Every structure is written in structure tokens, then in C-alpha cells.
Amino acid sequence: MASRDLGPVTIDGNDPQRNHLLIGEDADEWVIRPYHHSQGRQLHVVSRETVRDRLNGDWYARPLIEKDMEVRVNVFNGKVTAVAKKTPPENPQQVAWNHARGCTFVNVRWDEWPIEACDVAVKAHAESGLNYAAVDLM
């Protein structure tokens, strides 16, 4: 399975030629942020028309995903070990759902695990080459 099958395209501020080809294939709105970020800071939602102008070498962009749920699937050596669901913020329309915005994770009982999300997380883990991965899915 190719990485593209696991999520939306990511464009990199260091590859303007590739970016030119990819922008516009997925979304009208894009999230751009620096590679090193935390707490939802320096997160910007921009239009397809302006994403190229706002992107530089230390930033990346992905199509904006309107979400109503977020889960974290923990995978160790190819097996799901735990699933947690993120509580939405007061305003679920905001882009960043993180601890700084009041969100927390709540453990999901194994008999209520979202199987499709677990399958995607296991595939992402396999591509990573890591022994352990915490895969966030929306």
C-alpha cells in the first residue's frame, strides 16, 4: 500500500515543483504549519490559491479535514494495544483539537474499537518501520 492511500497528500515547502502539481487536487482549504510545532500554534488555514505563497522550506501543508471525531490507535509490533478517543473542544469546528484547547483522551473499551481505524493504523505502522506508533486518525 502506498502512503498516499493512508491519508491526504502532504506538500513540503522544500519542493515547489511537486507542490505546483499537487495543490488543487484535493481541497479548497489547506492547513499549513511548521514542521516543529506544538499546542496548535502557528497553524493556519489558507485557500488553495494562497497556499503556495504562504509555504516556505520549514513548513508543510495538508488539505483541511473537517472532523467530528479523532482517535489515537496505539500499535506495537503490528498489533493494536489501545485505542483512545479525543474529547472534542467546546467549539468542535475549530481546527486544532489538542490539550492546550481543553481536549483530552478517553480510553475506548476493546469491544468498541473502531475496526476500520485500527486497520488503517496497523497499515500506517507497517509503513513506518517502527516497533511502536501512536497513530492519530480523524
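The model is predicted: local features require pLDDT of at least 70 and side-chain atom pairs count only at pLDDT 80 or more, while totals for chains, interfaces and linings use all residues. Residues are numbered from 1 along each chain as its sequence is written, and side-chain values use heavy atoms, with hydrogens and water left out. The chain contains 3 helices and 8 strands, where helices (H or I, at least four residues) and strands (E, at least two) are DSSP runs numbered from the N terminus.

**Overall organisation**

- From the N terminus on, the elements follow the order β-α-β-β-α-β-β-β-β-α-β.
- Of the 138 residues, 33% count as buried; buried means under 20% relative accessible area, exposed over 50%, and partly exposed in between (1.4 Å probe, protein chains only).
- Among contacts with a separation of 6 or more, 55% are between residues 24 or more positions apart, a contact being heavy atoms within 4.5 Å.

**Nonpolar cores**

- The largest nonpolar core has 11 residues: Val71, Val73, Val75, Val83, Val108, Ala117, Cys118, Ala121, Ala133, Val135 and Leu137.
- At least two residues of this core come from each of strand E5 (71-76), helix H3 (115-128) and strand E8 (132-137).
- A second, separate core comprises 10 residues, including Val9, Trp30, Ile32 and Ala61.
- Such a core is a set of buried Ala, Val, Leu, Ile, Met, Phe, Trp, Tyr and Cys residues joined through side-chain atoms within 4.5 Å.
- Not counting residues up to four places away in sequence, Val75 touches Val80, Thr81, Ala121, Val122, His125, Asn131, Tyr132 and Ala133.

**Strand E2 and its partners**

- In strand E2 (residues 29-34), 5 of the 6 residues are buried.
- E2 runs antiparallel to strand E3 (residues 44-47), to which 4 bridges join it; two strands pair if DSSP finds at least two bridges between them.
- Val31 has Val45 as its bridge partner in E3.
- With strand E4 (residues 59-63), E2 pairs in the antiparallel sense over 5 bridges, and Ile32 is partnered there by Ala61.

**Trp97 and Lys86**

- Trp97 is placed in the loop between strand E6 (79-86) and strand E7 (105-107), and its relative accessibility is 3%, so Trp97 counts as buried.
- Beyond four places in sequence, Trp97 touches Lys67, Asp68, Met69, Glu70, Lys86, Pro88, Pro89, Pro92 and Cys103.
- Met69 is 28 residues from Trp97 along the chain, and their C-alpha atoms are separated by 9.7 Å.
- Lys86 belongs to strand E6 and is buried, with a relative accessible area of 8%.
- A polar atom of the Lys86 side chain lies 2.6 Å from the backbone oxygen of Trp97.
- A polar atom of the Trp97 side chain lies 3.2 Å from the backbone oxygen of Gln94.

**Largest pocket**

- The largest pocket has a volume of about 1300 Å³.
- Its lining numbers 42 residues, of which Arg62, Ile65, Asp136, Leu137 and Met138 are the closest to its centre.
- On a 1 Å grid over the protein atoms alone, a pocket is an open set of points where a 1.4 Å probe fits, with protein on both sides within 12 Å along at least five of seven lines; lining residues have an atom within 4 Å of a point.
- Grid points are joined across faces, edges and corners, and a volume is the space filled by probe spheres set on the points.
- E2, E4, E5, H3 and E8 each give two or more residues to this lining, and H3 gives the most, with 5 residues.

Technical notes: A polar contact is a pair of N or O atoms within 3.5 Å; within protein, one must be able to donate a hydrogen and the other to accept it, and residues adjacent in sequence count only if both atoms are side-chain atoms.
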